[in-house]
Amino acid sequence: MKTFLSAPHRIGFFCGTLLLIASLAWWASEMLLRASGSTMPSSIAPMFLHGYLMLYGFFPLFMLGFIYTAGPKWLGVDSPSAKLYVPIFITYAVGSALLIAALFWQPLLSLGIALHWISWGAACLVWLDRVRASSAPDRGHAIHIALAFAMGWIGQGLALYWAVFGATTGWLSMIEICLWGFLLPVYLTVSHRMLPFFSANAIPNYSAWRPLWLLNAMIALSWGHGALKLAHFNSLPVDAVFAGLLLYTSYRWRLFASLQNRLLAMLHLAFAWAAAAMLLYTVQDAALLTGSAILGFAPLHAISIGFFGTMLLGFATRVSLGHAGLPLILSRLAWTLYCLLHGVAIARVLAEVLPWQNTLLCAAALGALLAFLLWGSRFMPVYLKPRADGKAG
């Protein structure tokens, strides 16, 4: 147990993986039953629980595991004490478990989200304390993450309002704030900091390009999209600029050169999904101006599964290997599972535009479950063992 609690990424990644697998197992079962004309017994509309669970159920645990481990090194301060982060992780994980159990008893929904809201508020304060304690000249990435974490807390508050009062408007607002104010800004901030850094160590003659204006522009465009959606305005101009900027960023970060190193390619290919998603949003925005909605939830799943999902697997693999004292060598299994997850994202996007929707939805749900189940079986035991190189952490 002492080893398991010795570093934030261990407990964060372990609990996050466990809850991710549980969430995917439930959703895969629901998809299979729907394809046969049935559904799982549920005290909550599955779509509403699915929307909250897939955004807040496990991503925050991985985020905290990473940022509490890597972030203090950016800031030149000590990592948070286990006395602070262990209760936060446990409370948040219990909240997610209660959400799944709420399928059978509805009152657990409000309790689970309340635990999320309370523990995430504490997590934000712990991170803000680390930022305040730092005298590092560059705290920009850490501050952006603190702001995004605060937006995540606001989104959870809206979700709690929905759960307690049954207000659908709270749930809808939560989705937009979580996606565009919380998850995407965190992913973009970490990508801006880490992708050029990792690339410089692996690509010959690589010149790291990560100007501050780029990060600020990406965050502003993300928030701008979310604000327009909350106001029920068409976001075409913002999305078109955003797509172009993300495409240019992938080019400047040398996506194609990264393909020579699979561990690095995992991150670059995942980042490319962000541009693809915004292109889909741009097409959808243009279609909506003519009164037609042609892509359904395709753009949403391009960013949630395509970008968030594959980047999660890519970063978690790299961090798990590095912080376990293992060689940074990608196994054939991990690469295969990563490619499978890209296939899942493609299948889920195509399910919105091809006639074989039920088949593609089932394939995507089962593929995602298989990918993370096998990935978890490989890496979850790593979090319980001491580092292979004998170092602490």
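I'll start with Asn205, which counts as exposed, at 79% relative accessibility. This is a predicted model, so please hear everything that follows as computed from that prediction. Asn205 sits in the loop between α7 and α8. Its phi is positive, about 55°, although the residue is not a glycine. For context, most residues other than glycine have a negative phi.

A second residue belongs with it. His232 has a phi near 65°, again a positive value in a residue other than glycine. You will find His232 in the loop between α8 and α9, the latter spanning 236–252. His232 has a relative accessible area of 73% and is exposed, because the cut-off for that class is over 50%.

Next, Lys229. This residue lies in helix α8, residues 212–230. What does Lys229 contact, leaving aside its neighbours within four places in sequence? The list is Glu176, Ser235 and Asp285. Take Glu176: 53 residues separate it from Lys229 along the chain, yet their C-alpha atoms are 7.2 Å apart.

Now the helix pairs. Helix α3, residues 59–75, packs with helix α4, residues 82–101, at an angle of about 165°, and the axes are 10 Å apart. The two are therefore roughly antiparallel, since that label applies to angles over 145 degrees. The crossing of α3 past α4 is left-handed. On the α3 side, the contact involves Pro60, Leu61, Leu64, Gly65 and Tyr68; on the α4 side, Tyr85, Ile88, Phe89, Tyr92 and Ala93. By class, that makes 9 nonpolar residues, 1 polar and no charged.

The other pair is α6, residues 140–165, and α7, residues 168–200, whose axes cross at roughly 160° and come within 8 Å. That makes α6 roughly antiparallel to α7. Here too, α6 passes α7 in a left-handed crossing. The contact residues of α6 with α7 divide into 16 nonpolar, 11 polar and 1 charged.

Last, the core. Which members of the largest nonpolar core touch the most other members? Out of 145 residues, they are Phe66, Tyr68, Trp127, Phe149, Phe307 and Phe315. The element giving the most to this core is α7, with 16 residues.

Conventions
Residues numbered from 1 in each chain as written. Predicted model: local features only at pLDDT ≥ 70, side-chain atom pairs only at ≥ 80, totals over all residues. Heavy atoms only, no water. Axes fitted to C-alpha atoms, helices over the stretch in contact; angles between N-to-C directions. Helix = DSSP H or I, 4+ residues; strand = E, 2+ residues; numbered from the N terminus. Parallel < 35°, antiparallel > 145°, perpendicular 65-115°, else oblique. Left-handed = near helix turned anticlockwise from the far one by under 90°. Contact = heavy atoms within 4.5 Å. Nonpolar A, V, L, I, M, F, W, Y, C, P; charged D, E, K, R; others polar. Core = buried A, V, L, I, M, F, W, Y, C linked by side-chain atoms within 4.5 Å. Buried < 20%, exposed > 50% of the residue type's maximum accessible area, 1.4 Å probe, protein only.
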